[in-house]
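Walk through this structure step by step. Start with the whole chain, then move to its parts.

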Amino acid sequence: MLDDRLPRRDLLRLAGFSTLSVGLAACGRVAPAVQPAASALPAHPSAEGTSASADEALARLREGNQRFVADKESNPNSSPARRASIAASQEPFATILGCVDSRVPPELIFDCGLGDLFVIRTAGHTLDHAVTGSIEFGAVELKIPAILVLGHERCGAVKATIEVLEGRAEALSNIFVLVEAIAPAVEAASTRPGDLLDNAVEINVTRTMATLSQAPLLAPLIKEGKLKIAGAVYDLDTGVVRFLEG
Ligand SMILES: [Zn+2]
C-alpha cells in the first residue's frame, strides 16, 4: 500500500508552486492529455445524429438551467413514451463533461431528460484516454455538435489539489492522478488576484477545454464549424450555470 502513496519527499517538493513542474516531472507520470489514434474509432460515422447546431444546443442548455433556477422545470423527455422512442438509438444534443460532485447532476440542472445529454463525469472533470475517447465517440459517432466543460463552485477535487500543493494533505493512491491533472490550474491561479479556489476552478475549465480542442478527432470538427467546445461554472448556492466568454 505504501507504494501507492505519494512519497513524502515529493509532497514537499510539490508544496512550492515554483517547483511544481519539477516535482511532477520527477514523479515520472505521463500527462493525461495523450490522445488515442484516430483509427481507434469507426471510419464511417453513423447516419444518425442530431441536427441541432452547436449554438442551438448551448441555447437549449441555458434555457434549461434558467428553468431550473426559477424552479419552473418542465422535466422533459422522462415519460415511458420517450423511453420507448429512443430505445433503438440515441441523438443527444450536447456532451457534458462535468465533475462527479453529487450536487451537480447535469440532467437536473439543465432540465433535460432521457437521451438528451451525453454525460461524462470525473472528479474535477479530469481527462484521460477513456474520457477523451468517450467524448470523441460522441462527436464522431453520434455527431453531437456541442461539448460543455462544466466546473463548479467549491470543487472538492480542486480544493484537495490546493491542499496537497500547500503541503496540508496527501494525495493517496490514484487520487494523485487527479491532483497531477488539476495542479497546473492551481499554479496559474496562484498568480492572479482574488479567491484561489474560485480562480483555479475557472482555469481548470479553460485548460480542459484547450486540451479537448486538440484531440485528434475533435480538432478537425471544430475547424470545420461542426463542433463547439464551451465552458461554464455552476454556482452551488444559486443553481446558476455561468457560461464563460470566448
Ligand atoms: Zn468537483
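Among contacts in the chain between residues at least 6 apart in sequence, 74% join residues at least 24 apart. Contact here means heavy atoms within 4.5 Å. This is a predicted model, in which local features need pLDDT of at least 70 and side-chain atom pairs count only at pLDDT 80 or more, while totals for chains, interfaces and linings use all residues. Residues are numbered from 1 along each chain as its sequence is written, and side-chain values use heavy atoms, with hydrogens and water left out.

The chain has 10 helices and 5 strands. These are DSSP runs, numbered from the N terminus: helices are H or I with at least four residues, strands are E with at least two. Of the 246 residues, 43% count as buried. Buried means under 20% relative accessible area, exposed over 50%, and partly exposed in between (1.4 Å probe, protein chains only).

Now find helix α6, residues 129-140. Its 12 residues should span 16 Å at 1.5 Å a residue, and its end C-alpha atoms are 16 Å apart, which agrees. The expected span is 1.5 Å times one less than the number of residues. At the start of α6, a side-chain oxygen of Asp 128 comes within 3.0 Å of the backbone nitrogen of Ala 130. Several residues of α6 are buried, among them Val 131, Ile 135 and Val 140. What do the buried residues of α6 pack against? They pack against β1 (94-98), β2 (117-121), β3 (146-152), α9 (196-213) and α10 (219-223).

Follow β3 to its neighbour. β3 and β4 run parallel, joined by 7 bridges. Two strands pair if DSSP finds at least two bridges between them. On its other pairing, β4 runs antiparallel to β5 (residues 241-243), with 3 bridges. β4 and β5 form a hairpin with 6 residues between them. In the turn, Gly 239 has a positive phi of about 85 degrees. Tyr 234 stands opposite Val 241 in β5. Tyr 234 is also the bridge partner of His 152.

Which residues coordinate the zinc ion? They are Cys 99 (SG), His 152 (NE2) and Cys 155 (SG), at 2.1 to 2.3 Å. Donors are N, O and S atoms within 2.8 Å of the metal (3.2 Å for Na, K and Ca); water is not among the atoms, so sites may look incomplete. Along the chain, the donors follow the spacing C-x52-H-x2-C. Both His 152 and Cys 155 are buried.

Terms used:
A polar contact is a pair of N or O atoms within 3.5 Å; within protein, one must be able to donate a hydrogen and the other to accept it, and residues adjacent in sequence count only if both atoms are side-chain atoms.
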